[in-house]
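Hi,

Here is the structure I promised to pass on. Have a look at it first, and then read my notes below.

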Amino acid sequence: MDLQIKDKIALITAASKGLGKAVALRLSQEGAKVIICSRNKESISKTEQEISQKTGGIVKSYFCDVTNEEQVAQMIDGIIKKFGKIDILVTNAGGPPSGGFGDFEIDDYRKAFELNLLSTINLCKKVIPTMKKDAWGRIVMITSISVKQPIDNLILSNTARTGVIGFMKTLSNAVAVDNITVNSICPGYTKTDRVENLAKNFAQKNNSTETSFYEKLESNIPMKRIGTTSEFAQTVAFLASEGAGYITGVSLKVDGGFSKGLF
Ligand code: NAD
């Protein structure tokens, strides 16, 4: 299926590895011009090279912490100068630390909101004006299955990401008239460094093994396996496509059936 995004300008944040990187690779394979960023200069330029070597496409990387408004503004200005516009925005950031109610102070919540909620709002505020000019845009917010069913021991993530969904749905109504779609994809457990770290933390905290973390996890997933980054990225690419132009305000689970609710 031709996604009809060849030569579209796509910004994917937090993309030196994991889900963001997989999405950048997929969009590049579909012919989009891909811009990626993360907080580490070395790793993001390594990822830039890796993707452009694999696809032969145009890939540009920026050093940018998505919680830093000034760095985000500089990056967006740089992209507009070089490429003239941004058609596709995929918002992503790292996840907040794991832990429960007793583990965190108010400042920890503030940091989690900055990392996952405010960074998303800020990126949208900066990118939407250029999408409006062109009367075309696709925004995909990477959140988590925790917005459908809170995950034990991830209180910061559970709390901050539901705010993203409220923002996403409200924004989708406001910009639909400009032919801009706004959706969220909610990954279940997907094999990245983030999940490997959760496995390590589990093993340490419970005097157990990483293997038993995966066994426990997979026994609760109807598909009996965790997801791949490629499966996740293909779903994002579809929502970024021309053909998905009538889908907006949706939070879509990519979780192998892990979340047990109806929606
Ligand atoms: P990851 O840790 O493998 O990769 C995170 C990426 O974000 C890295 O490139 C890192 O450099 C970058 N990054 C982190 N903070 C940043 C910041 N402030 N500014 C710019 N770049 C930043 O994580 P992942 O597994 O790819 O997950 C991506 C997001 O999806 C995370 O928020 C995670 O919590 C969420 N998520 C992941 C899963 C999963 O199973 N992998 C499930 C649900 C939700």
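To get your bearings, in which strand is alanine 10 found? Alanine 10 sits in strand S1, residues 9–12. Strands here are DSSP runs of E with at least two residues, helices are runs of H or I with at least four residues, and both are numbered from the N terminus.

Before going further, some housekeeping: this is a predicted model, where local features need pLDDT of at least 70 and side-chain atom pairs count only at pLDDT 80 or more, while totals for chains, interfaces and linings use all residues. Residues are numbered from 1 along each chain as its sequence is written, and side-chain values use heavy atoms, with hydrogens and water left out.

Back to alanine 10, which is buried, with a relative accessible area of 0%. (Buried means under 20% relative accessible area, exposed over 50%, and partly exposed in between, with a 1.4 Å probe and protein chains only.) Leaving aside residues up to four places away in sequence, alanine 10 touches Leu27, Ala32, Lys33, Val34, Ile35 and Ile88; contact means heavy atoms within 4.5 Å. Arginine 138 is 128 residues from alanine 10 in sequence, yet their C-alpha atoms are 9.1 Å apart in space.

Now the domains. The chain divides into domain 1 (9–191 + 228–254) and domain 2 (192–226), with bounds that come from an automatic or database domain assignment. Their centres, taken over C-alpha atoms, are 25 Å apart.

How much area do domain 1 and domain 2 bury between them? About 1,100 Å², with 54% of it on carbon and sulfur atoms. Buried area is the accessible area (1.4 Å probe) that two parts lose on being put together, summed over both. On the domain 1 side, Lys17, Tyr189 and Lys191 lose the most area to domain 2, together 52% of what that side buries.

In terms of contacts, 15 residues of domain 1 meet 12 residues of domain 2. The rule finds two salt bridges across this interface, where a salt bridge is a side-chain nitrogen of Lys or Arg within 4 Å of a carboxyl oxygen of Asp or Glu. Lysine 17 and aspartate 193 also pair up in a salt bridge, at 3.2 Å from N to O. Helix H1 (18–29) and helix H8 (229–239) are the elements that give two or more residues to the side of domain 1 that touches domain 2. That side divides into four nonpolar, seven polar and four charged residues. (Ala, Val, Leu, Ile, Met, Phe, Trp, Tyr, Cys and Pro count as nonpolar, Asp, Glu, Lys and Arg as charged, and the others, Gly among them, as polar.)

On to salt bridges in the whole structure: a search finds 10. Side chains of opposite charge can pair when their charged atoms come close. Aspartate 107 has a salt bridge to arginine 110 (3.5 Å, N to O) and another to lysine 111 (3.6 Å, N to O).

Glutamate 30 counts as buried at 19%, while arginine 26 is partly exposed at 23%. Finally, salt bridges link Lys21, Glu50 and Lys54 in a network.

Cheers
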